[in-house]
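This report describes a protein model, beginning with the surroundings of a single residue and then turning to the overall fold.

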Amino acid sequence: MCIRDRLKYLLITIVAIVIILGAMFVYGVYINPKSPKGVVQFENADTEIEINYYRPYKKDRLIFGTEAQGALLHYGKYWRLGANFSTTFEVNRSILFANQPLQAGKYRMYAVPYEDHWEVTLNSEAGSFGATTPDYSKDLFSVKAYITPLDEVVEQLTIEVVEDENGINLRMQWDKTLINIPIK
């Protein structure tokens, strides 16, 4: 076999491996992710909100805690508020997000969990794959959302926008943790 044939064979092998790995990636992330995609759509008279995130499961793991405890999410460390891609928050009009003014647009939303609260941040850099940390210079603001402990375990991360007699609330639940953020 001449060198030219060997190079051709090597190139075909490399292309085949790249195609197989690419197909496995697409299947695992888009077609059958371990953490399925969640889409929250809320609409009332003049407000439309959409949140896109991926919903990991608890699976008998310690979710919130310290690194020494073996927690999945460490207190005081960046969390993309889901899995796979960064979580996005989109709104059609100017609102107050926990009393902070927010213009209409699409934003990256992330959190830093602590034992008694989460710091939830909106960032102008929407859409990012993986656990990559955001460009913090593009943070618009952070709000402190205090934890309400739950009696029952919420197995899968759940984000909702709910409306009650007090107005609109962004609600996030996972494990035995609930936070609410008012939206006006």
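A polar atom of the T158 side chain lies 2.9 Å from the backbone oxygen of Q156. The T158 side chain also makes a polar contact with the side chain of R55, at 2.9 Å. These details belong to a predicted model.

T158 is part of strand β11, which covers residues 148-164. Its relative accessibility is 17%, so T158 counts as buried, the cut-off for that class being under 20%. When neighbours within four places in sequence are left aside, T158 is in contact with Y53, R55, R171, M172 and Q173.

## Fold and dimensions

The protein contains one helix and twelve strands. Their order along the sequence is α-β-β-β-β-β-β-β-β-β-β-β-β. The radius of gyration is 20 Å, well over the 16 Å that the globule rule gives for 184 residues, so the protein is more spread out than a compact globule. Its C-alpha trace spans about 80 × 40 × 30 Å along the principal axes.

Of the contacts between residues at least 6 apart in sequence, 54% join residues at least 24 apart.

## Burial, surface and charge

Buried residues account for 41% of the 184 residues. The protein exposes about 10,700 Å², of which carbon and sulfur atoms supply 54%.

There are 19 positive and 22 negative side chains in the protein. The centres of these two sets lie 12 Å apart.

Key. Residues are numbered from 1 along each chain as its sequence is written. This is a predicted model: local features need pLDDT of at least 70, side-chain atom pairs count only at pLDDT 80 or more; totals for chains, interfaces and linings use all residues. Side-chain values use heavy atoms; hydrogens and water are left out. Helices (H or I, at least four residues) and strands (E, at least two) are DSSP runs, numbered from the N terminus. The radius of gyration is taken over C-alpha atoms; the globule rule is 2.2 Å times the number of residues to the power 0.38. Buried means under 20% relative accessible area, exposed over 50%, partly exposed in between (1.4 Å probe, protein chains only). Contact means heavy atoms within 4.5 Å. Accessible areas come from the Shrake-Rupley method with a 1.4 Å probe; for residues, only the protein chains shown count as cover. Lys and Arg count as positive and Asp and Glu as negative; His and the chain ends are not counted. The place of a charge is taken as NZ of Lys, CZ of Arg, CG of Asp or CD of Glu. A polar contact is a pair of N or O atoms within 3.5 Å; within protein, one must be able to donate a hydrogen and the other to accept it, and residues adjacent in sequence count only if both atoms are side-chain atoms.
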